[in-house]
Amino acid sequence: AMIFLWWIVSLFFPPTLVPKPSDTLAEVATIVSSGNFFSEMGSTLRRVLVGFGIAMIVAIPLGILMGTLRSLESFFEPPVILGLTMPGLIWAVLMIMFFGLNETSAYAAVAITIMPMLAISIWQGTKSIDKDLIDMSRIFHASPWSKVVDVIMPQLISHILAAIRYGLGLAWKVVVVVEMFGLSNGVGYQVVRGFNVFSMKAVLAWAISFLVVMIVIEFGIIGWLERAVTRRRPRVEAWRR
């Protein structure tokens, strides 16, 4: 339906402004066949995954500590909230100015931008876990590691998966902005190249390629991961229609 609507709109505008779907898809095929798609998308994926991994390594323990210890919650809540309200564009500019036009600036911009949002999701999930299970682990003298791995983490799976979805969506946006500002490769760089020559077809082709990769990651990798880790949970869908 979206492609049909796109084709209808293209009939009323010049090709330089709204190219036909067939022409844009042909441009996508050219990008893939030339090998540019894999090299440029690989650079963007690397920056997203490295920055996202750094953010998760910090956010998961931080969120758990904030949700279990009131003193740490009071201490970390203001900077986490302030970090959440800072636009990703500003973080991207600051990291480029601090680290320069290199890979480190992209990794840092992604990690700093999404870390507060991930921490808040884990923090709120930790506060909502079943206290009776925590009391039971205390009665059975479970070690701190066992409490985290066997009691807390299983109850945080849904919150972690939601954080992964939101975090990856935001990480894509940030890394593309960093690439637009000054990196010499990546999807954002290719979009800027298309903009500089006012090639709407090139911009749309890279945008479509970008969306296809995101859909594969969302419904393929993350969807499979969600089904795998929640397979043993009872499904209660009596209220859904």
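Biologist: How much space lies in the largest pocket?

Modeller: Please keep in mind throughout that this is a predicted model. The lining of the largest pocket is made up of 19 residues, and the space that lies in this pocket comes to about 530 Å³.

Biologist: Which element gives the most to the lining of the largest pocket?

Modeller: Two or more lining residues come from each of α3 (36–68), α4 (70–85), α6 (103–127), α7 (131–139) and α8 (144–181). Among the residues that lie nearest the centre of the pocket are Gly-67, Thr-68 and Leu-69. With five residues, the element that gives the most to this lining is α3.

Biologist: By class, how many residues in the lining of the largest pocket are charged?

Modeller: The lining holds nine nonpolar residues and three polar ones. The remaining class in that lining is the charged one, and its number is seven.

Biologist: Is Phe-13 buried, partly exposed or exposed?

Modeller: Phe-13 sits in the loop between α1 (2–10) and α2 (21–34), and it belongs to a nonpolar surface patch of about 970 Å², together with residues including Phe-12, Leu-17 and Phe-198. Buried would require under 20% relative accessible area and exposed over 50%. Because its relative accessibility is 41%, Phe-13 counts as partly exposed.

Biologist: How many helices does the protein have?

Modeller: Read along the sequence, the pattern is α-α-α-α-α-α-α-α-α-α, and the protein has zero strands. The number of helices is 10.

Key. Residues are numbered from 1 along each chain as its sequence is written. This is a predicted model: local features need pLDDT of at least 70, side-chain atom pairs count only at pLDDT 80 or more; totals for chains, interfaces and linings use all residues. Side-chain values use heavy atoms; hydrogens and water are left out. Patches are made of residues with over 30% relative accessible area and no salt bridge: like charges are joined within 9 Å, nonpolar side chains (Val, Leu, Ile, Met, Phe, Trp, Tyr) within 5 Å. Accessible areas come from the Shrake-Rupley method with a 1.4 Å probe; for residues, only the protein chains shown count as cover. A salt bridge is a side-chain nitrogen of Lys or Arg within 4 Å of a carboxyl oxygen of Asp or Glu. Helices (H or I, at least four residues) and strands (E, at least two) are DSSP runs, numbered from the N terminus. Buried means under 20% relative accessible area, exposed over 50%, partly exposed in between (1.4 Å probe, protein chains only). On a 1 Å grid over the protein atoms alone, a cavity is a set of points where a 1.4 Å probe fits but cannot get out, and a pocket is an open set with protein on both sides within 12 Å along at least five of seven lines; lining residues have an atom within 4 Å of a point. Grid points are joined across faces, edges and corners, and a volume is the space filled by probe spheres set on the points. Ala, Val, Leu, Ile, Met, Phe, Trp, Tyr, Cys and Pro count as nonpolar, Asp, Glu, Lys and Arg as charged, and the others, Gly among them, as polar.
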